[in-house]
Amino acid sequence: MTYKQLTDWVTSTQIYKAIFRHGYEDTPRNRALTTFSNVLYHLHPVKTRRESIKIRYTWCMGGTSMLLFLMLAITGVLLMFYYVPDARRAYNDIKDIMNVVSFGSTFRNVHRLAAHLMVFTVWVHMTRVFLTGSYKSPREFNWIIGVVLLMLTLLLSWTGYLLPWDQLALWAITVGTKMAAAAPFLGVEGPFGAQLGIRPDNDLKFMLLGGTEVGQNALLRFYVLHCVVLPLMVVMFLAIHFWRVRKDGFSGPL
Amino acid sequence: MSNIGDEKITRRDFFSLVGWAGIAATMGGSAFSFYKYYFPNVLYESQKVFKIGKPSDYPIGLSENWKKERQVWVVRTERGLYAMISICRHLGCTPNWFSDKQVFLCPCHGSIYDLGGNVLGGPAPRLLWRAAIKIDPVDGQIVVDFNHRQDPDPVSTESGLKVDEASREVEPFFIKV
């Protein structure tokens, strides 16, 4: 069978036609229809200028961030099968994943490295958007959405940091939550905190940790934030982000 | 069927094929690693091979000492000793021993067994399992292999499903004392 026959056969099957619906002919109409009628493609603009999607211009950092988010979601779900957010066993569960679960170290390392990388790619994406002036009207709202997504990315990275429950995790979160204690009005060490009757057992840090120190309550709270609350928020804001890109169109040289 | 030589493969076709092969290899590798990942290599369940003391610890009759912890009854007769698994053969509940009637009754759907595990009534389709046992040569304790089970085909009689007791009193499911 030749390559041409193979592709012809694939594109003529009912499965292929059912998914992509609009043939393979490379016509402007078919291209537009393919985007219009596909739930995944429809977030993408129907037409983009060749110049505006050049990798020299976009650096492809937004798409890479999205790819990393997908990888993190998949490997994160896999890790949840073996990880229990119980202060007595969380560390041992990580040890099991790293040492005795088949491909466990692979999935955990992919999760860890993709997380580090995603923080980096989101920063670079925002740098590119800033340098090309793509945050300007009519795209200023999408810049705000982007800032929210940056915050969510950092919070995801930070909440995931506690879950291995080792010394690095414990002290990183101990230090990190000191920031909440230093918040104005709501933190015990912040400006006007003491005057407003804020104590170590009723301030913002206490609410975040579910206690005065990093313990079982903090581990469970960070786990729920890391695995449920923050990813759901990211998905919602990503949908708005992509929809705005479609509506506003790609920026780029004319 | 034509050969590759019959029609010229363009460079574009070749790299497209290489690309799809790469995607297929990635997908296949991922699927394999996902599949392997779902089977834990270390279990934190209760031991399935365990010691239950020496034969001399068990007087003639039924011992329920290990029922709660290990799901086995230990039965000592004049001839020897066997370990019967306290899992009902109907749907897996735990039968109770009634010493006045000398039967096991399952609380879920009323299966009735005698001391040998024969079915006297109720929906149970087969006899109670007996686990493989042996004497540890070092400390003389009975070692039970919970997952190695005796499951003979029963004969249907007017008084229930039976198996000849002599045929069940064989190694490794029986220890002569």
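## Contact between chains A and B

In this predicted model, the contact between the two chains draws 12 residues from chain A and 13 residues from chain B. On the side of chain B that touches chain A, the residues comprise 7 nonpolar, 3 polar and 3 charged.

## Overall form of chain A

Chain A is built from 11 helices and 0 strands, so that its elements, read from the N terminus, follow the order α-α-α-α-α-α-α-α-α-α-α. The radius of gyration of chain A is 23 Å, whereas a compact globule of 254 residues would have one near 18 Å. Along the principal axes, the C-alpha atoms of chain A fill a box of roughly 70 × 50 × 30 Å.

Chain A is divided into domain 1, covering residues 1-42, and domain 2, covering residues 56-248. Taken over C-alpha atoms, the centres of domain 1 of chain A and domain 2 of chain A are separated by 38 Å. Of the 254 residues in chain A, 24% are buried. Among the contacts in chain A with a separation of 6 or more, 60% link residues 24 or more positions apart.

## Helix α6 of chain A

Helix α6 of chain A spans residues 90-99, and its buried residues are A:Ala90, A:Asp93, A:Ile94 and A:Ile97. These residues lie on the same side of α6(A) because they cover an arc of only 100° around the axis.

## Strand β4 of chain B and its partners

Strand β4 of chain B (residues 80-85) is largely enclosed by the rest of the structure, because 5 of its 6 residues are buried. Strand β3 of chain B (residues 72-76) runs antiparallel to β4(B) and is joined to it by 5 bridges. In this pairing, B:Val72 stands opposite B:Ile85 of β4(B).

Strand β13 of chain B (residues 175-176) is joined to β4(B) by 2 bridges in an antiparallel arrangement, with B:Leu81 opposite B:Ile175 of β13(B). Strand β9 of chain B (residues 130-135) also pairs with β4(B) in the antiparallel sense, over 2 bridges. Here B:Ala83 has B:Ala131 in β9(B) as its bridge partner.

Notes:
Residues numbered from 1 in each chain as written. Chains lettered and ligands numbered in written order. Predicted model: local features only at pLDDT ≥ 70, side-chain atom pairs only at ≥ 80, totals over all residues. Helix = DSSP H or I, 4+ residues; strand = E, 2+ residues; numbered from the N terminus. Rg over C-alpha atoms; globule rule 2.2 N^0.38 Å. Buried ≥ 20, exposed ≤ 12 C-beta atoms within 10 Å, placed from the backbone. Contact = placed C-beta atoms within 7 Å. Nonpolar A, V, L, I, M, F, W, Y, C, P; charged D, E, K, R; others polar. Domains from an automatic or database assignment. Arc of directions from axis to C-beta. Pairing = 2+ DSSP bridges.
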